Amino acid sequence: EICSAYPSAGSVYHWAAQVVPEKYAPLSSYVCGWSNFLGNAAGDASFAYSFATFLNAAIVASDYQPYSLPATVGVSILTIFMWSFLNFFRIDQVAWINKLAAVCHCGAILIIIFSILLMPQDLNSSERVFALYHNETGFQSPVYVCLIGLLSATFAFTGLEASAHMAEETVGSAEAAPRGIIYTVLATGIGGLGYLFALLFATVDISAALNGDTEVAAVNVFIISCGKSYGSALTWLVVINLFFAGISSVAVTGRITYALMRDEAFPYSKFFGQVHPTLKSPIHSIMFVCIIDSFLQLLALNSDGVTAFYSITGLCVIGFQVSYCLPVMLKVIFEPADFPATTMSLGKWSKVFGIISSVWLIATSVLLFLPTNSPVTPKNMNWLVVVFSFTCLLYTSDAADE
């Protein structure tokens, strides 16, 4: 509804300024913009590290030697630079990549689901899938374990506003952009649910899935279910899709960063906010994000990799969810009388859905700071609180400079 009313490249942080009285607009826009930038940048870093991890698993599944953790970090940084370079070109020049990515993504998830359900000799029963409770966190409360497990689910739905960031480059964006959000949520929900059910039915031996040679549970399930050759082929499908996903993620992050630079939300905005005269792309903004993402990858060198990935994905989810919550919550609070009427209007249900959305986004964001293993040690602790606190210091210091 809000996207349809205010289609712009700034997306959520422009919306946050539009739905509040003028005196609150700079603050709400600043907080929302920084949060969305943080979510997008950390999302790029998460995709890059996931790509490097799955690539390593695919190499092992293909009977080659794995590379080390420092090499994984190096591959993820190199990948970030490759994605950034591919986004130097205009959107219309690389549109074929996004179309190819959509076809590959839809095809791959269907192939994987049917393969791991139809090829194995043995599958779990419905009772085992829906009634078995397996807990290796160290915490005794099933409710607590379920709550901290929401990170992977909420992470899957981050970046759903990507079409909104492309609104200024889209014809008919007042309808096309919000419909893009709706279709993204539906595709993620339906496809993700099908994929999860397939994995649950196929994971007959939990220990083998968690402790297999590739060190990636899903890949181990592919191999156990479909054999070494076909399982490795499925893994390479995931690798290809992660590469495409990263290109799209960097494209969106470059646009939100450019919009923030254009509105002088960062130091040296005049330099970073330039659009290349020939390529018609915000190259400086894209490279600005690339450098930040590269530093985020280095967190893995000071941990076991998994802990760093959790912190980066947690940072991504927090950034996105705060930026999603602010314009919705502020619209509910201030109820702007001049809110434009559009074909995407929710009418009398707007406030009800706004309250439900705000409560969900705030509650699930708080959960991300909770420890995920017991007993808590420096190696397995949730470092999100430290990373997020440091980011908040950057917020405040930059605001003070302005």
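Reader: Is Ser249 buried or exposed?
Author: Ser249 is buried, because its relative accessibility is 11%. Buried means under 20% relative accessible area, exposed means over 50%, and partly exposed is in between (1.4 Å probe, protein chains only). This is a predicted model: local features need pLDDT of at least 70, side-chain atom pairs count only at pLDDT 80 or more, and totals for chains, interfaces and linings use all residues. Residues are numbered from 1 along each chain as its sequence is written, and side-chain values use heavy atoms, with hydrogens and water left out.

Reader: Where is Ser249, and which residues does it touch?
Author: Ser249 sits in helix 13, residues 228-262. Helices (H or I, at least four residues) are DSSP runs, numbered from the N terminus. Leaving aside residues up to four places away in sequence, Ser249 touches Asn40, Gly43, Asp44 and Phe47. Contact means heavy atoms within 4.5 Å.

Reader: New topic. Which residues make the nonpolar surface patch?
Author: Phe81, Ile291, Phe295, Leu298 and Leu301 make a patch of about 460 Å². Patch residues have over 30% relative accessible area and no salt bridge; nonpolar side chains (Val, Leu, Ile, Met, Phe, Trp, Tyr) are joined within 5 Å, like charges within 9 Å. A salt bridge is a side-chain nitrogen of Lys or Arg within 4 Å of a carboxyl oxygen of Asp or Glu. Areas come from the Shrake-Rupley method with a 1.4 Å probe; for residues, only the protein chains shown count as cover.

Reader: Why does Phe81 count as partly exposed?
Author: Because its relative accessibility is 35%. Phe81 belongs to helix 4, residues 69-86.

Reader: Now the backbone. Which peptide bond is cis?
Author: The one from Ser374 to Pro375, with omega near -5°. Pro375 is in the loop between helix 17 and helix 18 (384-401).

Reader: What about phi at Asp63?
Author: Phi there is positive, about 70°, although Asp63 is not a glycine. Most residues other than glycine have a negative phi. Asp63 lies in the loop between helix 3 (25-61) and helix 4. Asp63 is exposed, because its relative accessibility is 58%.

Reader: And what is phi at Glu215?
Author: Near 65°, a positive value in a residue other than glycine. Glu215 is in the loop between helix 11 (206-210) and helix 12 (217-226). With a relative accessible area of 72%, Glu215 is exposed.

Reader: Last one. How far apart are the C-alpha atoms of Asp338 and Gln18?
Author: They are separated by 9.6 Å, with the residues 320 apart along the chain.

Notes. Helix = DSSP H or I, 4+ residues; strand = E, 2+ residues; numbered from the N terminus.
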